[in-house]
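Here is a short briefing to keep beside you while you look at the model. Have the sequence and the 3D view open together.

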Amino acid sequence: MTAIQTPTVNAPAPGRAEAILAQAKAPLLARLWQAALGAASDVEDSLFPSTPKPASLAIPALPQADRPAARAAPALLRGNGDYAPALARAAARTGLPAAALTAVIDAEAGKRRDGSWDPAARNPRSTATGLGQFLDRTWVGEAERRGTYLNGVAAARGWLDARGRVRGDVRAELLDLRTDPGTAIEAVADYARAGLSRLESAGVKLGNDARQVASLAWLGHHLGPVEALRFVEGRIAPARAKLLLTAQVGASEAARRIADAAGDAVAAHRQWLNGYIGRVIQRSVGRS
């Protein structure tokens with residue numbers, strides 16, 4: 001596997017110092033990578049209890065795994081070690097825990113047979129593409145959102161019009177960047193940071209535990225920032241919950257789960273999402 005190269009961007013003057021600092025930090029962060037990941041966790045604790053908490057209350061910190069680190073080798077970068085420098089740069093730039101960012105990508109990325117991430121993976125049922133499985137509209141939105149890495153790329157390449165919108169004649173070229181690992185990793189970090197900021201501004205306590213941050217970051221990536229907040233606050237409507245659950249597990253399995261939840265689609269969707277977060281996100285991050 002060849003080393004991942006992050007495209008060079010001529011950063012606007014206000015962000016140049018930050019970009020240089022992040023570049024300088026990258027080698028050190030890469031050397032600390034395995035320590036940042038820690039050990040995989042046996043616990044599958046639910047970040048979001050069955051009875052929704054108001055956003056103004058803190059989400060409880062996750063308990064530490066009781067398995068010794070020596071017995072649980074981290075698996076997130078198995079076969080994906082060449083991505084470590086790009087992940088470290090994106091984490092440093094956005095202030096996200098490196099392990100949390102990696103867990104979000106590991107949950108989203110398509111996998112090859114050997115378990116390595118496939119940067120060119122495409123979802124046949126939607127427009128989702130790349131390591132972050134970004135939909136067309138979300139990727140374009142990130143290119144147009146001021147201050148993101150992707151916005152810097154688009155501006156530097158002259159892809160934005162006078163209003164800051166992506167020009168129609170370069171839209172396909174912009175969308176193709178989703179398969180560039182370095183760009184995709186930076187975009188996942190920006191999207192996660194925006195989602196976490198939205199939750200925090202609504203009163204959700206993020207905490208310092210990498211598993212907790214990863215869970216909330218992935219929730220925002222999976223549902224989108226607006227719906228992620230609705231989920232945390234318990235405000236997703238039953239019809240919407242049924243639609244979301246069906247999209248994830250299929251119509252027949254969704255119907256079974258809803259029946260098991262006494263016909264409550266909201267409870268069934270919450271149970272599935274909690275389970276996924278416990279199995280995939282929290283276990284992947286392990287000790288922070």
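This is a predicted model: local features need pLDDT of at least 70, side-chain atom pairs count only at pLDDT 80 or more; totals for chains, interfaces and linings use all residues.

Residues are numbered from 1 along each chain as its sequence is written, and side-chain values use heavy atoms, with hydrogens and water left out.

**Confidence**
- The protein chain averages a pLDDT of 78 (the predictor's confidence in each residue, from 0 to 100), and 72% of the residues score at least 70.
- Residues 1-74 have a pLDDT below 50, yet beyond near neighbours in sequence this stretch has 151 contacts in the model (contact means heavy atoms within 4.5 Å).

**Helix 8**
- Helices here are DSSP runs (H or I, at least four residues), numbered from the N terminus.

**Nonpolar core**
- A nonpolar core is a set of buried Ala, Val, Leu, Ile, Met, Phe, Trp, Tyr and Cys residues joined through side-chain atoms within 4.5 Å.
- The largest one has 69 residues, and those touching the most other members include Leu-101, Trp-139, Leu-174 and Ile-185.
- Helix 8 gives this core its largest share, 9 residues.
- Leaving aside neighbours within four places in sequence, Leu-174 contacts residues including Trp-139, Leu-150 and Trp-159.

**Ala-267**
- Ala-267 lies in helix 13 (residues 265-285) and is partly exposed, with a relative accessible area of 32%.

How values were computed
Helices (H or I, at least four residues) and strands (E, at least two) are DSSP runs, numbered from the N terminus. Buried means under 20% relative accessible area, exposed over 50%, partly exposed in between (1.4 Å probe, protein chains only).
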